[in-house]
Amino acid sequence: MADALRSSVKRLVLGVGNPIGTDDGVGIHVARELKKLDLPGVEVEELPASGLELLDMVVGYDKVIIVDAIKTRGGNPGDFYTLTEDDFVRSVHGASPHGINIPTALAMGRRIVPEQMPRELIFVAVEVEDIENVSDKMTPKVAKAVPRIVEFVEERLKSS
Amino acid sequence: MAGPIINDTPTKTKERQITIDPITRLEGHGKIEIFLNDQGNVENAYLQVPELRGFERFCIGRHVMELPVLTNRLCGVCPAAHHIASTKTLDAVFSAKPTETAKKIRELFYMGQFTHSHIAHFYALAAPDFVLGPSAPANKRNVLGVVDAVGVPIGAEVIKHRSYGQKVQEITGGRATHPVFGLPGGVSKQISEEERAQMEEMAKSCIKFGEFTIKLFHDLVLGNKDYMGLVLNKDAYYLETYYMGMVDKNGKSNFYDGDIRVVDQDGKEVEKFRPEQYLDVIAEHVEPWTFMKMPYLKKVGWKGLETGRGNGIYRVGPLGRINVCNGYTTPLAQKEYEFFKKTIKDLGVTGPMHFTLAFHWARVIELQYAAERMLELVGDKTITSDDIRGPFGQPKEGVGICEAPRGTLIHHYASDKDGLCTKINMIVASTNNYAASNASVRQAAKALIKDWMVSPGLLNKVEMAFRCYDPCHSCGTHSLNGGPALEVTIRRKDGSVLKTERNF
């Protein structure tokens, strides 16, 4: 995890999701579009897992933007929200049978390697419609939102 | 540090249906339904699994060369295992024999996978029960509570060595999480001497960490009589099943390649088969209340969820593997295996270890083996050879099997002459274990919930009965919402929800 190479690169965009999970892949699709822009000084990565894998990826960066899918009651597919770790305080736990979730992994990082954790970490949570079926295509409303999300992330990267 | 909290105080419930609902994946999750009878004892219990739908259909018509990177998207938990099983299946589909170097690189990659996966399970998922206790307050019974209890330096070692496992996969497999290096007859990427040397240091460190983990297990579990009472509770955590796992030509445990061995309740070998013979050995039973199929031994037959000699239910994974093998090829794992055998013999166990919670012990032995095998492979300087790709023929049908961290994993593809997939079948580890994990849940529920008395600690002990299988039921990828670890829904007799309690 203490990857020395990472220390020279301070900003990271991390697309999280499953590219064949229909809208679950929105974070990955956004990351792929951002990668095409070849933004100077910005690393763009994909992460099709969660938990401790995510902790491995964010360590060593100053500023991290995580783009992921979210499903809220009554939400409109394609809308997106900016969230922080504080928004997930109630989700910090770990005694699940399968794995630990993102907020728990981040809390663990802040506990164990606080000096290596990002000073700023935000989530861009994209409201999704279908995360049940297997497809490499997003639903139309979510797919249509991708350029707006890319633009938003690009702007957020500039502000610091 | 205070001792673990093994028991809490149960209270009376008035409901006849109790649901344990571990919501951990957006894409689907398993839940436990417990039905009580008029006396408030457990009438029945079910582990229900909604599955991701349409994956096989999605693969049909795709080029089979895509399958190692498509099937590993099936799951965000063990993609490396799917990639290896899929790559081995392509070896069979294309009649390709991988080069010696390619086999070493694949196995090295795979030892990285076992290292990271077993560390994650033991420390993040199992340790909360061992360190803090199954009845500790739920808001403490998690990996952060473990770090608080054992200290940050140990937590840092956990993170570091799990990360080494990931790094080995990244160097050998191209990506840490969803690898891309497997090709029929070989791999796509050679290892440089610099990378080899880097991984050699990591492997040495992982061996030391394996030793530390075994000692920790001895101290926490073997050295605690209350825990041993739990582990050896025959009413709650004991199933006499068949066992299945991969062994090498000498009968030693192997995760990457070998024959699949099946032993009976006395440890006698009843099957030994090559991948292409799996359909002669395994059949699948379907129940109306769950999407997941229940494989069983064809020659023995399906007799419902009762275990025993007359029923073909088998177990895979660490417990399955340790029960089918004659030991391990590496010295420290072998030493611990011999201690394991001696200890259970002293407890009166002469054949296979049927106590379900022994999964955890087998898992830490396997962690040691994976680290030692990693060093063997990476210490061999010929692993940097450029001979990484062998010839391959025309596509047809093929089967590939490896041992996933959770157990035997089977992929089976058929291809047309153009390489397009016409048929795909996969039996994943948690499916192999599904009937047994159901039986374990039922057994634990019946033993622990009596006379309407229920508590979070008791429900967690029921969950422990299947958590030790390290189940991966929903092939989900991530969870941003981070649902509750455990949710209990108490229903009226007509099934409507009276109240919901969360233990977080």
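**View 1. Pairing of strand 1 with strand 3 in chain A of a predicted model.** Val13(A) has Ile65(A), in strand 3 of chain A, as its bridge partner. Strand 1 (residues 11-16) and strand 3 (residues 63-70) of chain A pair in the parallel sense over 5 bridges; strands count as paired if DSSP finds at least two bridges between them. Helices (H or I, at least four residues) and strands (E, at least two) are DSSP runs, numbered from the N terminus. Because the model is predicted, local features need pLDDT of at least 70 and side-chain atom pairs count only at pLDDT 80 or more, whereas totals for chains, interfaces and linings use all residues. Residues are numbered from 1 along each chain as its sequence is written, with chains lettered from A and ligands numbered from 1 in the order in which they are written.

**View 2. The open sheet of chain A.** In chain A, 5 strands in the order 2-1-3-5-4 form an open sheet with mixed pairing. Strand 2 (42-47) and strand 4 (80-84) of chain A stand at the edges with a single partner strand each, so one side of each lacks a neighbour in the sheet.

**View 3. Helix 4 and helix 7 of chain B.** The axes of helix 4 (residues 100-132) and helix 7 (residues 193-222) of chain B come within 12 Å and cross at roughly 20°; axes are lines fitted to C-alpha atoms, for helices over the stretch in contact, and angles run from 0 to 180 degrees between N-to-C directions. Helix 4 of chain B is therefore roughly parallel to helix 7 of chain B (angles under 35 degrees).

Definitions and conventions. Parallel < 35°, antiparallel > 145°, perpendicular 65-115°, else oblique.
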